[in-house]
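Morning, everyone. Let me put the structure up, and then I'll talk you through it.

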Amino acid sequence: MFKGIRKILVGGEKEKEILDLIREHIEKLSEAAETLKIAIENNDPSLNYEICELERIGDVIRREIALRLYEGAFLPAVRAEFYRFSELVDESIDLIEDTSVYFSMMAGINPEIRDLCVRIAELNCKMVDYLYHAFDSLEKELDLTDKTIKLRAKEQEIDGLKREIHSKMVKIDIKSFWEGYILSNFLDNLVNISDKIEDAADVIQILNVSLR
Amino acid sequence: MIIQGQNVMKTVGKDLVSLRIEIISISLIISSLAIVLSNWKKVPVSSHQAIVSSLVGSGFAFGVSVDVGILLKIVESWIVSPIGAFFLSILVYRILERGLARVPPLRAERYIRYLLLLSGSVIAYNTGANELATALGPVVYFGLLTPLQAAFMGAILLWAGAFMLSGRVVETIGKGITALDPFSGFAAQFGAGLSVLFFTTLGMPVSTTYCVIGSILGVGMLKSTRTAKSPFLRKIFLSWVITPFVALTLGYIFARLLF
C-alpha cells in the first residue's frame with residue numbers, strides 16, 4: 001500500500017525506465033541505419049552480422065518495453081500508443097536487417113542506381129535522427145509539428161528517389177530470375193524503412209494530440 | 001458522510017417523511033433490489049431516486065406526513081444537477097485545455113494522472129457525503145445506528161459493492177455513452193463531482209450517477225454531437241424518468257399489501 005501511495009506522490013520511475021528504453025531502442029535503430037549506410041557506401045556486406053546483432057538487441061528492448069508497460073507505467077489510455085511506437089521502431093530495424101541480408105546476397109549494386117541507394121540510406125539516418133528528437137520533445141517541448149514535418153519532407157524525398165530508381169532499374173540488364181528478385185527486394189526494403197519511421201513519427205503526434 | 005453528510009441525512013431521514021420502521025424496511029429493500037437488478041442489466045439507476053421515491057410511496061400508504069415541498073425541491077435538484085454537471089464539465093474541459101496547452105505532452109500525462117486521482121477522490125467523497133447519507137439517513141434518524149456506526153458499515157459495504165458488482169456499470173458509463181480519453185474523463189468526473197458537492201452542501205440528495213452521465217454528455221457534445229451514442233442515452237433517460245415512479249408505486253403497493 002505504501003508503495004502505491006509513494007508511486008502516486010513521487011511516481012514516474014516506471015515511466016522513466018520506459019522512456020529510457022525507448023530512447024535506447026531508437027539509438028539501436030540509428031546504429032543499424034548508419035551501419036547499413038556504411039555497408040552500401042563501402043560495398044561491405046560483412047557488416048550484415050552487426051546489423052543482425054542490433055536487430056536481436058532491438059527485439060529484447062521491445063519485449064522489455066512491453067513488460068514494463070504491462071506492469072503499469074503511464075495511463076492505460078496511452079500505453080497502447082507507446083507499445084505501437086516501439087513496435088514500429090522494431091519493424092524499422094527488421095526492415096534494415098532484411099535490406100542488409102539482401103544486400104549481402106548481391107554482388108554489389110549496379111553503378112546506375114548505387115548513388116541513389118546511398119542517398120536513401122543517408123536520408124534514413126537523418127529521419128531516425130529527427131525521430132529521436134521528436135520523441136525527446138514529448139518531454140520537453142510544446143509543439144512537435146516542425147519536427148514531424150521535417151521528417152515527412154525527408155520521406156517525400158525518398159519517394160522521389162524511389163521513382164528515379166524504378167525508372168533506371170528497368171534499363172538494368174538482369175541475368176537471372178534470382179538476381180532480379182534479390183535486387184527488387186533489396187530496393188523495396190530500403191525504401192520502406194522510411195515509411196516505418198514516418199509511421200512511428202505519426203504515433204508520436206497521436207500521443208501528443210491525445211494528451212491535449 | 002461524517003464531515004458533510006448531515007444535511008442530506010436530515011433531508012431524507014427527518015424532513016421528508018415521518019419515519020416508521022416499516023417504511024424504512026420497504027424503502028431499503030425496494031431500492032437495493034432495483035440497484036442490483038439494474039447493475040445486472042447494465043443500466044445505471046439512481047439509488048437516491050429509488051430510496052426517496054419508495055420512502056414517499058410507503059409514507060403515503062401508511063398515511064404519515066410527507067413534506068411535498070421538500071419532495072419537489074429534491075425532484076428539482078434531480079433535474080438541475082445533471083444539467084449543472086453538463087455545463088461544469090464543459091467549463092473544466094475548456095480551462096484544462098488551455099492549461100495543458102502550455103506544458104509538454106508527457107508532463108501533461110503526469111498532470112492528468114494526478115487530476116484523475118483528484119476527481120476520483122471528489123467523487124468518492126461525494127459518495128460518502130451524499131449517496132451513503134441518503135441510504136443511511138433514515139436508519140440514523142430512526143436511531144437504529146449512530147452516524148459513526150453507519151459511516152463505518154456503509155464504507156465497508158460500499159467497498160464490497162464496488163468490488164463485486166460495479167464492473168458492468170463501469171463498462172456502460174466508461175464506454176457506452178461516448179469514447180473517453182483521460183483528459184475528457186477528468187473533465188467529466190470533476191464536473192460531476194463539483195455539481196454533486198454543490199447540492200450536497202444544500203442538503204439535497206442528488207445522484208452522482210446522473211451527474212456523471214450529464215457531464216460525460218457535456219464533454220462528448222463539446223467534441224461532437226455525433227460522439228454520444230443515442231440508444232444508450234435513451235435507455236439512461238428512460239431509467240431516470242421511470243425509476244422514481246416505479247419505486248414510488250412499489251413502495252405504496254408493498255406497504256398496502258404487507259402491513
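This is a predicted model: local features need pLDDT of at least 70, side-chain atom pairs count only at pLDDT 80 or more; totals for chains, interfaces and linings use all residues.

Start with chain A. Look at helix H2, residues 13-41, and helix H3, residues 48-70. Their axes come within 9 Å and cross at roughly 165°. Angles over 145 degrees count as roughly antiparallel, so H2(A) and H3(A) are roughly antiparallel to each other. The crossing of H2(A) past H3(A) is left-handed. Who makes the contact? On H2(A), the residues include Leu21(A), His25(A) and Lys28(A). On H3(A), they include Leu54(A), Gly58(A) and Arg62(A). By class, that contact has eleven nonpolar, three polar and ten charged residues.

Now the backbone. Asn43(A) is not a glycine, yet its phi is positive, about 50°. Asn43(A) sits in the loop between H2 and H3 of chain A. Buried or exposed? Asn43(A) is exposed, with 12 other C-beta atoms within 10 Å.

Next, Phe74(A). Again no glycine, and again a positive phi, about 65°. Phe74(A) lies in the loop between H3 and helix H4 (76-105) of chain A. Phe74(A) counts as buried, with 23 C-beta neighbours inside 10 Å.

Last, the two chains. Here 15 residues of chain B are in contact with 16 residues of chain A. On the chain B side, helix H5 (105-141) and helix H8 (182-201) each supply at least two residues. H5(B) gives the largest share, eight residues. By class, the side of chain B that touches chain A has ten nonpolar, no polar and five charged residues.

That's it from me.

Note on methods. Residues are numbered from 1 along each chain as its sequence is written. Chains are lettered from A and ligands numbered from 1 in the order in which they are written. Axes are lines fitted to C-alpha atoms, for helices over the stretch in contact, and angles run from 0 to 180 degrees between N-to-C directions. Helices (H or I, at least four residues) and strands (E, at least two) are DSSP runs, numbered from the N terminus. Angles under 35 degrees count as roughly parallel, over 145 as roughly antiparallel, 65 to 115 as roughly perpendicular and the rest as oblique. A crossing is left-handed if the near helix is turned anticlockwise from the far one by less than a right angle, and right-handed if clockwise. Two residues are in contact if their C-beta atoms, placed from the backbone, lie within 7 Å. Ala, Val, Leu, Ile, Met, Phe, Trp, Tyr, Cys and Pro count as nonpolar, Asp, Glu, Lys and Arg as charged, and the others, Gly among them, as polar. A residue is buried if 20 or more other C-beta atoms lie within 10 Å of its own, exposed if 12 or fewer, and partly exposed in between; C-beta atoms are placed from the backbone.
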